[in-house]
Amino acid sequence: MLRKSYQFWLQHINPHITTLIVTIGVVGLASCLSITLILAWLFEEVLEKEAFGFDTAWIYWVHGYANPSLDAVMLTITQLANASVVVVIVVVTLGILWWQHHRSEAKIFAIACLGALILNTGMKLVFAKPRPHIFPSLIPETSFSFPSGHALGGFVMYGFLAYLLSSHFPKFSKLIYSLAVVTIAAIGLSRIYIGVHWPTDIIAGYGVGYIWLMLCITMLKLQTRQV
């Protein structure tokens with residue numbers, strides 16, 4: 001029995017794991033596992049309605065820099081992950097990819113964006129965490145707070161775009177990834193600044209977004225290997 005199990009492992013499971021490790025990399029797998037553990041703890045605390053002291057402290061700290069000029073900047077930044085802007089970017093990207101015959105990239109990009117929307121909507125309904133009301137927010141928000149859809153969706157969309165662009169233009173990969181990191185970080189900060197999200201909402205959005213992004217990129221890499 002043990003011998004058969006070992007042979008089954010070598011013939012069917014081990015090759016897939018090896019391929020997965022080669023595709024994602026040890027660092028990618030380790031980071032996904034680490035983030036998953038952090039998210040599990042965070043989800044448990046939120047479900048139990050536990051309060052995070054640093055949430056309020058960080059909101060007050062960020063809001064301490066508030067001024068009319070910075071208000072305008074943050075309101076502009078947060079629009080980078082608004083539904084209207086995201087739809088335009090997604091449609092244009094899909095059109096370009098399809099026109100350039102990058103069909104696999106177009107399909108996985110669509111799956112990534114749609115999956116991010118489903119994950120965000122489902123998790124908001126499950127956790128039903130209210131928005132912060134420490135000070136008047138700069139924009140009205142009626143949905144639940146946890147996780148941040150802007151953080152989750154922005155991470156997935158801009159992260160995937162950065163991966164695609166760096167794959168086609170490897171000479172500019174450092175610049176592309178740097179711009180993506182700055183954009184994603186700025187979006188998360190803007191949501192805290194304008195008073196519509198707790199910092200833990202942003203952390204959860206980034207965590208879930210990272211894991212989903214890695215899964216989608218892995219799907220694309222595996223599909224490309226097969227082709």
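**Pocket, fold and one arginine**

Analyst: In this predicted model, H7 gives seven residues to the lining of the largest pocket, the most of any element.

User: Which elements give two or more residues to the lining of the largest pocket?

Analyst: The largest pocket holds about 560 Å³ of space. Its lining consists of 24 residues, with Ala81, Ala83, Val86, Leu117 and Gly149 nearest the centre. The elements that give two or more residues are helix H5 (83-99), helix H6 (103-127) and helix H7 (149-168).

User: How many helices and strands does the protein have?

Analyst: From the N terminus on, the elements run α-α-α-α-α-α-α-α-α. The secondary structure therefore comes to nine helices and zero strands.

User: Is arginine 191 buried or exposed?

Analyst: Arginine 191 lies in helix H8, which spans residues 173-193. Its relative accessible area is 1%. Because buried means under 20% relative accessible area, arginine 191 counts as buried.

User: With which side chain does the side chain of arginine 191 make a polar contact?

Analyst: Beyond its neighbours within four places in sequence, arginine 191 is in contact with several residues, including Thr78, Glu141, His150 and Ile202. The side chain of arginine 191 makes a polar contact, at 3.4 Å, with the side chain of histidine 150.

Terms used
Residues are numbered from 1 along each chain as its sequence is written. This is a predicted model: local features need pLDDT of at least 70, side-chain atom pairs count only at pLDDT 80 or more; totals for chains, interfaces and linings use all residues. Side-chain values use heavy atoms; hydrogens and water are left out. Helices (H or I, at least four residues) and strands (E, at least two) are DSSP runs, numbered from the N terminus. Buried means under 20% relative accessible area, exposed over 50%, partly exposed in between (1.4 Å probe, protein chains only). A polar contact is a pair of N or O atoms within 3.5 Å; within protein, one must be able to donate a hydrogen and the other to accept it, and residues adjacent in sequence count only if both atoms are side-chain atoms. Contact means heavy atoms within 4.5 Å. On a 1 Å grid over the protein atoms alone, a cavity is a set of points where a 1.4 Å probe fits but cannot get out, and a pocket is an open set with protein on both sides within 12 Å along at least five of seven lines; lining residues have an atom within 4 Å of a point. Grid points are joined across faces, edges and corners, and a volume is the space filled by probe spheres set on the points.
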